[in-house]
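Trainee: I'm new to this one and would like to learn how to read it. Could you walk me through it?

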Amino acid sequence: MSRHVTLPTSRTRSLLVLVPLLGSIALASACSTAEDSPDSTPSSAAPTTVGAATNPSDPPSSSASAPATIPTSAFVELPTELRKSPRRTTPVEEALPKLCANEFGTGGRQVTASAAMTVTYKKAGEPETNVPQGMIHQTIFTFEGDGASAYMARLRTAVQACPSYDHFGSPGTVKSRALSGVGDEALLLDRTWAATNLNGDRTGGSSSSQIAVARVDTTVTVFDDQGWEGTNGDPAMVDRVLRDGVRTIDAWQR
């Protein structure tokens, strides 16, 4: 076997030199392509944070970055002798009363928080086996700016425009009056309708219940008293929870 090795020709040597040179050029080109120039659009866009939608007609919210919350302690709790069952959370849309329309709704105007709870009450001293006397839905709204005062003004106007309404198929009437010495302002509504039995037949008499609304600074609370299974509500109970509710909210705000 021959020990001689054929040396590369001059053309072959040129190709061997050119190959690593082309590799270096390609690598440099790849690096420059991967790096975005200051004026170019990044190949992968950064995540975009989308803020909550706001209604252009609503005033700017100073508390939008830190939404308010309403604790359970802001709601009225009845004493044991008057409480048939513990208070429970209720959707606001179910807790608010309705007369001719959605008079007690806020329309989202300047509202920072809303919540509702329901308590079922009984007469003191009654046996536990007796049916409840009624239940009261309590709704609380917190507002920014003059939103609470504006809500009360709209409510008074809406109630005055609704002297009569349809109470689940029975004709009903509404009368309202201001209450003094309760919160910063308060309104009491008396509603009366044709009484019916459990079958829905009119009995010839009438039934009544009350709705109470009070403002405490930037907070409004609505109490809707409903007698058990369409019976009369309890005005004394409404007066009690209204005044207790105002004191409870005032203590919470402090």
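Mentor: Let's begin with the naming: helices (H or I, at least four residues) and strands (E, at least two) are DSSP runs, numbered from the N terminus. Residues are numbered from 1 along each chain as its sequence is written. The model is predicted, so local features need pLDDT of at least 70 and side-chain atom pairs pLDDT 80 or more, while totals for chains, interfaces and linings use all residues; side-chain values use heavy atoms, leaving out hydrogens and water.

Trainee: How many helices and strands are in the chain?

Mentor: You'll find 4 helices and 8 strands. Along the sequence they come in the order α-β-α-β-β-α-β-β-β-β-β-α.

Trainee: What does "buried" mean, and what share of the chain counts as buried?

Mentor: Buried is under 20% relative accessible area, exposed is over 50%, and partly exposed is in between (1.4 Å probe, protein chains only). Here 35% of the 254 residues count as buried.

Trainee: How do I read a cavity?

Mentor: Picture a 1 Å grid over the protein atoms alone: a cavity is a set of points where a 1.4 Å probe fits but cannot get out, whereas a pocket is an open set with protein on both sides within 12 Å along at least five of seven lines. Lining residues have an atom within 4 Å of a point. Points are joined across faces, edges and corners, and the volume is the space filled by probe spheres set on them. In the whole structure, the search turns up 1 cavity of 30 Å³ or more, and the largest cavity holds about 60 Å³.

Trainee: Which elements each supply at least two residues of its lining?

Mentor: Those are β2 (111-121) and β3 (134-143), with β2 giving the most, 3 residues. For classes, Ala, Val, Leu, Ile, Met, Phe, Trp, Tyr, Cys and Pro are nonpolar, Asp, Glu, Lys and Arg are charged, and the others, Gly among them, are polar. That makes 7 nonpolar, 2 polar and 1 charged residues around the largest cavity.

Trainee: And how much space lies in the second largest pocket?

Mentor: About 300 Å³. It has 17 lining residues, and H167, F168, R191, D224 and Q226 are the closest to its centre. β4 (164-167), β6 (185-196) and β8 (219-227) each give two or more residues to that lining, and β8 gives the most, with 4. By class, the pocket is lined by 5 nonpolar, 6 polar and 6 charged residues.

Trainee: How do I tell which strands pair?

Mentor: Two strands pair if DSSP finds at least two bridges between them. β4 and β5 (residues 170-179) run antiparallel, joined by 4 bridges; D166, for instance, has P171 in β5 as its bridge partner. These two strands form a hairpin with 2 residues between them, and F168 in the turn has a positive phi of about 50°. β5 also pairs with β6, antiparallel over 8 bridges, including one from S176 to L189 in β6. That hairpin has 5 residues between its strands, and G181 in the turn shows a positive phi of about 75°.

Trainee: Is A178 buried or exposed?

Mentor: A178, which lies in β5, counts as exposed because its relative accessibility is 65%. Contact means heavy atoms within 4.5 Å. Not counting residues up to four places away in sequence, A178 touches A186 and L187.
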